[in-house]
Amino acid sequence: ATPTALLVGTGRGAQLGLLIKGPEVLESTRRVDTIVLDKTGTVTTGRMALLDVVPVPGTSREELLRRAGAVEDASEHPIARAIAAAARAELGTLPAVQEFANREGVGVVGRVDGVRVEVGRLAPGTAPPADEPLHLAALQHGGRTVVRVVWDGALRGALVVADTPKDTSAEAVRRLRALGLRPVLLTGDNRPTAEAVAAAVGIDEVVAEVLPADKAAVIRRLQGEGRVVAMVGDGVNDAPALAQADLGLAIGTGTDVAIEASDLTLVSGDLRGAADAIRLSRRTLGTIR
Ligand code: ADP
Ligand code: MG
C-alpha cells in the first residue's frame with residue numbers, strides 16, 4: 001500500500017463526513033465481516049421521551065415522579081434526562097438529592113426526602129420478586145424501556161420511556177448487509193426492547209442486557225469465533241468495546257471518550273456513514289493493489 005493512495009482515501013473520507021485517525025485504519029476495514037451496533041444513541045436517536053408513569057397502589061403519581069425525577073436530575077443518561085425534564089415540566093422544582101450514585105448500565109440511586117430512592121433496571125442476574133404489585137413485562141411492548149422505581153426496599157412504580165430508531169438506521173443496515181457484513185445489536189437494555197428495535201431496522205442478531213464493563217468482552221467473544229469485528233458506538237460506556245474492536249467507529253454526536261477510543265468518526269451521527277467508510281476504504285485499497 002502506498003501512503004499517497006491511502007491519503008487520497010482519507011481525503012475522500014473527509015468529504016463524506018468521516019474523520020479517519022490515520023491512513024492505516026483503511027487497512028483494518030478490509031477483512032471486517034461483522035459490525036456491532038450500540039443501540040441507544042447509535043441505532044436510535046438517544047432522545048428518550050417519558051410515555052407513562054405507573055405508580056403501585058398506595059403511591060401517588062406525583063410522589064413517584066417527584067422522587068424519581070430528583071434522582072435522575074443528577075444524571076446525564078438519556079433516560080435520566082427524559083425523566084427529569086418531564087418531572088420538572090409537571091411539578092416545577094424538584095427536591096434536592098443527597099448521596100447520589102450512578103450505577104453504570106443499571107441506573108441511579110440517591111436520598112430524597114430522607115429515603116433512599118433507586119431508579120433503573122434490576123441488577124443483572126437478579127430475578128424480579130414473584131409478588132410484585134405491577135406486571136412490568138406488559139408495559140414493555142413495542143420497544144419501550146421500563147424503569148423501576150424503588151424506595152424503602154419496595155417497588156413503588158414504573159416509568160416507561162421510549163427512544164426511536166433514527167430515520168437512517170434501517171437504510172444503513174441494508175447497506176452494511178449489501179457489503180457482506182453481519183450486523184449485531186449490542187445493548188444494556190432488556191431483551192424485548194432490544195429485539196423490537198432490532199426488528200425495526202432489520203437486525204436479527206441481538207446481544208442484550210450487557211453491562212457496560214462487559215461490552216468489550218462481547219467483542220472479544222465474537223473475535224474468538226474467528227469474526228473480524230467493527231463496532232459503532234456513542235457512549236462513554238462504549239469506549240472499551242470500540243478500542244477492542246478491529247475497527248472502532250464513533251458517532252460524531254456522541255461523547256469525546258468514544259471518539260478518542262475509535263479509529264474513525266462519523267461526523268454527522270448518520271449510521272449510513274459506517275457503510276460509506278467501509279466501502280470507501282475497500283475501494284481505496286482496491287486501487288492500490
Ligand atoms: P445502552 O447499552 O443501550 O447504551 P445503557 O448501558 O446506558 O444502555 O443502560 C442500560 C439499561 O440500564 C437501560 O436500558 C436502563 O434500563 C438502565 N439505566 C441505565 N442508566 C439509567 C438511568 N440513569 N435511569 C434509569 N435507568 C437506567
Ligand atoms: Mg449508547
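Biologist: What makes the set with Ile35, Leu185, Ala230, Met231, Val232, Leu249 and Ala274 the centre of attention in the largest nonpolar core?

Modeller: In this predicted model, the largest nonpolar core has 42 residues, and those seven names touch the most other members. Membership requires a buried residue of a listed nonpolar kind, joined through C-beta atoms within 7 Å. Helix α11 (residues 272-288) gives the most to this core, namely 5 residues.

Biologist: Which residues is Val232 in contact with, leaving aside its neighbours within four places in sequence?

Modeller: They are Ile35, Leu37, Asp38, Thr42, Leu249, Ile251, Leu271 and Ala274. Contact here means C-beta atoms within 7 Å. A second, separate core has 26 residues, among them Ala82, Ile83, Val97 and Val149.

Biologist: How do you know that β3 and β8 pair?

Modeller: Pairing takes at least two bridges. Strand β3 (residues 49-55) and strand β8 (residues 154-162) are joined by 6 bridges, so they pair, and they run antiparallel. One position in this arrangement is Val54, whose bridge partner in β8 is Ala158.

Biologist: What makes β7 and β8 a pair?

Modeller: The cut-off is again at least two bridges, and β7 and β8 have 8, running antiparallel. Trp151 stands opposite Ala154 in β8. The hairpin of these strands has 2 residues between them, and Asp152 takes a positive phi near 50° there.

Biologist: How is the protein chain divided?

Modeller: Into domain 1 (3-45 + 164-288) and domain 2 (49-162). Their centres, taken over C-alpha atoms, are separated by 31 Å. The contact takes 15 residues from domain 1 and 11 residues from domain 2. On the side of domain 1 that touches domain 2, α3 and α7 (191-201) each supply at least two residues, and the largest share, 5 residues, comes from α7. That side divides into 6 nonpolar, 7 polar and 2 charged residues.

Biologist: Why is ligand 1 said to lie between the domains?

Modeller: Both domain 1 and domain 2 give residues to the shell around ligand 1, so the ligand lies between them. The shell consists of 23 residues, the closest being Thr40, His77, Arg121, Gly188 and Asp189.

Biologist: Which elements each supply at least two residues of that shell, and how do its residues divide by kind?

Modeller: The elements are α3 (39-43), α5 (78-91), β5 (107-112), β6 (115-120) and β7 (144-151). By kind, the shell around ligand 1 has 7 nonpolar, 11 polar and 5 charged residues.

Conventions: Residues are numbered from 1 along each chain as its sequence is written. Chains are lettered from A and ligands numbered from 1 in the order in which they are written. This is a predicted model: local features need pLDDT of at least 70, side-chain atom pairs count only at pLDDT 80 or more; totals for chains, interfaces and linings use all residues. A residue is near a molecule or strand if its C-beta atom, placed from the backbone, lies within 6 Å of it. Helices (H or I, at least four residues) and strands (E, at least two) are DSSP runs, numbered from the N terminus. Ala, Val, Leu, Ile, Met, Phe, Trp, Tyr, Cys and Pro count as nonpolar, Asp, Glu, Lys and Arg as charged, and the others, Gly among them, as polar. Domain bounds come from an automatic or database domain assignment. A residue is buried if 20 or more other C-beta atoms lie within 10 Å of its own, exposed if 12 or fewer, and partly exposed in between; C-beta atoms are placed from the backbone. Two residues are in contact if their C-beta atoms, placed from the backbone, lie within 7 Å.
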